[in-house]
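Morning, everyone. I have one model to walk through, and I'll keep it short. Here it is.

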Amino acid sequence: MMTVRALIVGATSTVGKYVVDQLAAGGLVEPIAGVRKPEQARMFAEQGVATVDLDLDSAASVKAAVTGIDRIFLLTGYTVAMLPQSKLVIDYGKAAGATHIVHMGAWAPDDTDLPHFGWHQYVERYIEGSGLGWTHVAPHMFMQNMLGQGNLWKAFTDASEGDRGHAGSRPIHSPIGDGRVGWVAAEDIARVCVAALEDPSCHAGRKYDLSVDVKTVPEVVTLLEETLGRPFHAVMHSPEAFGEALLAGGMEPTYAACATENAGRFARDEVPGQDNVFPFEEIVGVPPVLWPAFIEAHRDAFIGH
């Protein structure tokens with residue numbers, strides 16, 4: 001029986017690592033991790049995962065990486081470069097014989113006026129017109145943000161602002177104030193992506209918005225204390241401070257400005273649907289990870305935060 005091979009673009013990302021691990025564990029599709037650095041290749045080799053050199057800014061590199069690939073998981077970085085990079089992967093992937101692409105974007109209202117969400121939507125539309133089979137995955141807020149590992153909030157991992165008067169208490173940093181938002185764990189996002197990569201026929205032509213548990217940051221902090229029996233406190237940063245941290249970390253100015261504006265809107269509960277939840281179990285056959293279970297599963301990371 002011929003092995004089905006999936007190129008994982010974004011294999012070292014928060015979600016991409018789970019996609020690689022879950023595909024490898026499932027044994028139905030062989031993950032091929034796209035990497036840029038030798039140390040990344042060594043890391044995957046130690047796990048028994050094959051790799052391929054992948055420079056998304058090089059047409060030759062992309063063309064070589066998709067050779068012999070059947071399916072593609074596409075997750076790009078947070079710059080406008082995602083547009084030409086994604087086009088290369090889609091075009092060369094199709095030409096090389098790939099039949100299905102799973103694109104991970106981000107949840108936003110369809111009529112969003114924020115450019116960085118629009119970039120994801122442009123990629124989705126291009127995929128839909130490419131002739132490839134497709135599945136779009138659009139997660140809401142990562143639970144991993146609370147660990148300082150997911151997406152954008154890692155800018156605050158080492159921040160100390162607002163920690164005075166909380167001796168012995170762990171800080172949880174947030175730029176969204178008391179806004180109520182939907183959350184989803186990266187491992188659950190990966191489960192949906194893996195389901196689509198393993199059985200495209202069941203998920204072709206579908207877009208999955210992912211949000212499973214609605215909480216404010218203070219509510220999550222309360223759950224942390226109840227679950228772990230340790231003191232935690234929320235450190236609320238202004239959206240402007242968030243933007244400054246993103247820029248200081250080297251983020252593209254356009255994306256940083258959009259993330260800053262979005263954080264402010266979430267804080268003010270101004271985004272229609274920001275507290276929506278969407279079906280999950282019917283996609284993968286298992287219930288989602290809710291906040292108490294996520295906290296318990298990541299106990300060591302929270303305590304050592």
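First, a definition: a polar contact is a pair of N or O atoms within 3.5 Å; within protein, one must be able to donate a hydrogen and the other to accept it, and residues adjacent in sequence count only if both atoms are side-chain atoms. Next, the ground rules. This is a predicted model: local features need pLDDT of at least 70, side-chain atom pairs count only at pLDDT 80 or more, and totals for chains, interfaces and linings use all residues. Residues are numbered from 1 along each chain as its sequence is written, and side-chain values use heavy atoms, with hydrogens and water left out.

Now Ser169. Ser169 sits in the loop between strand 7 (141-142) and strand 8 (170-174). Strands are DSSP runs of E, at least two residues; helices are runs of H or I, at least four; both are numbered from the N terminus. Ser169 counts as buried because its relative accessibility is 15%, and buried means under 20% relative accessible area (1.4 Å probe, protein chains only). What do the side chains of Ser169 and His233 form? A polar contact of 2.8 Å. A polar atom of the Ser169 side chain also lies 3.5 Å from the backbone oxygen of Pro231. Beyond neighbours within four places in sequence, Ser169 is in contact (heavy atoms within 4.5 Å) with Pro231, Phe232 and His233.

Seven strands form an open, parallel sheet, order 3-2-1-4-5-6-10. Two strands pair if DSSP finds at least two bridges between them. Strand 3 (50-53) and strand 10 (206-210) are the edges, each pairing on one side only. Strand 1 (residues 5-9) and strand 4 (residues 71-74) share four bridges. There, Val9 stands opposite Leu74.

Note on methods
Buried means under 20% relative accessible area, exposed over 50%, partly exposed in between (1.4 Å probe, protein chains only).
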